[in-house]
Amino acid sequence: MNSCKAGICCIGHITLDKIITPRHTAYMPGGTAFYFGHAMSHIGSEDFLLVTALATSERQAVDDLRNEGIKVKVLPSLNSVYFENTYGENSNNRTQRVLAKADPFTIDGLKDVEASIFHLGTLLADDFSLDVLKYLSTKGRVSIDAQGYLREVRGENVFAVDWDEKEEALAHVDILKANEKEMEVLTGLTAPRDAAIRLAEMGVKEVVLTLGDQGSLIYADGIFHEIPAYPPVDVVDATGCGDTYMAGYLHKRSKGCGIYESGCFAAAMCTIKLSASGPFRATLADIAAITGQPQ
């Protein structure tokens, strides 16, 4: 790859996922990097770079992304992350096991990467150290998905834990995405508006709370933006919905769009993704058909 510069750079592991739902069991690549990258390729985000670390056994997933026009920087790792995701009838409920872990990202591995926005797709608590987060915040705006920082692996099982360094870390975060369970772990609060205010008090500029079929809530500059949840045609597979949401949101925000417009665009992408297995593969016209707004 000739260039390591981009408007938006997503950093995260591509995983091997075993997905178990009441309807079927499937094996496929996954992780924030995978779902975010494919979503970006289908909404025409040309100024995008993906940085990942994985074993050679999963390199086909990288080749597929490159074939879709995505720039990918691959860092070496002895293993790839191997997740087992099990969903119940309610797609908001998921249990996980981790069968293998990849190497964490380091400052040395990211020194030649430049971007206006860095989105850290954390899967496990040690993917990004506090020093790496601080380093990236000196180079551009930092967006993170809180999920990985709140996952502790004990044996093969994943447990929800609090983020020990959150007070210091969130002071360097511009955009934070969390779901209703994650916001409660981070803040101890169950009301989304109260949790959003608390996270903003910790230093986050834009708090993005995804609330499943209740839509999403975005808080910035003292203003709440309530984003609707568009009903899906069918609920097939929720894996990667949050990553797809953030791809759409950051894409629109990077183009100067307002928070509400960006949130609606992201929510529509999430609805489309929920209706099919695998990554987002729809078009801007499909998104416009849901939001009723030209894209």
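This tour moves from the central sheet to the helices and then to selected side chains.

The model is predicted, so that local features require pLDDT of at least 70 and side-chain atom pairs count only at pLDDT 80 or more, while totals for chains, interfaces and linings use all residues. Residues are numbered from 1 along each chain as its sequence is written, and side-chain values use heavy atoms, with hydrogens and water left out.

**The sheet.** Select the nine strands of the open, mixed sheet, which run in the order β5-β4-β1-β8-β9-β12-β13-β14-β15. Strands are DSSP runs (E, at least two residues), as are helices (H or I, at least four), numbered from the N terminus; two strands pair if DSSP finds at least two bridges between them. At the edges, β5 (71-76) and β15 (223-227) each pair on one side only. Neighbouring strands are turned by 20 degrees against each other on average, direction ignored. Axes here are lines fitted to C-alpha atoms, for helices over the stretch in contact, and angles run from 0 to 180 degrees between N-to-C directions.

Next, display β1 (residues 5-12) with β4 (residues 48-54): the two pair in the parallel sense over four bridges. Cysteine 9 has leucine 49 in β4 as its bridge partner.

**Helices on the sheet.** Then select helix α7 (residues 192-201), which lies across β12 (175-179), β13 (206-210), β14 (216-220) and β15, at about 150 degrees to β13.

**Around phenylalanine 224.** Show tyrosine 219 and phenylalanine 224, a tilted aromatic pair at 4.5 Å centre to centre with 35 degrees between the planes. Rings of Phe, Tyr and Trp (its six-membered ring) pair if their centres lie within 6.5 Å; planes under 30 degrees apart count as stacked, over 60 as edge-to-face and the rest as tilted. Tyrosine 219 is buried at 12% relative accessibility, whereas phenylalanine 224 is partly exposed at 22% (buried is under 20% relative accessible area, exposed over 50%, partly exposed in between; 1.4 Å probe, protein chains only).

**The α9 and α10 pair.** Finally, select α9 (residues 259-274) and α10 (residues 284-291), packed at about 110 degrees with axes 9 Å apart.

Key. Contact = heavy atoms within 4.5 Å.
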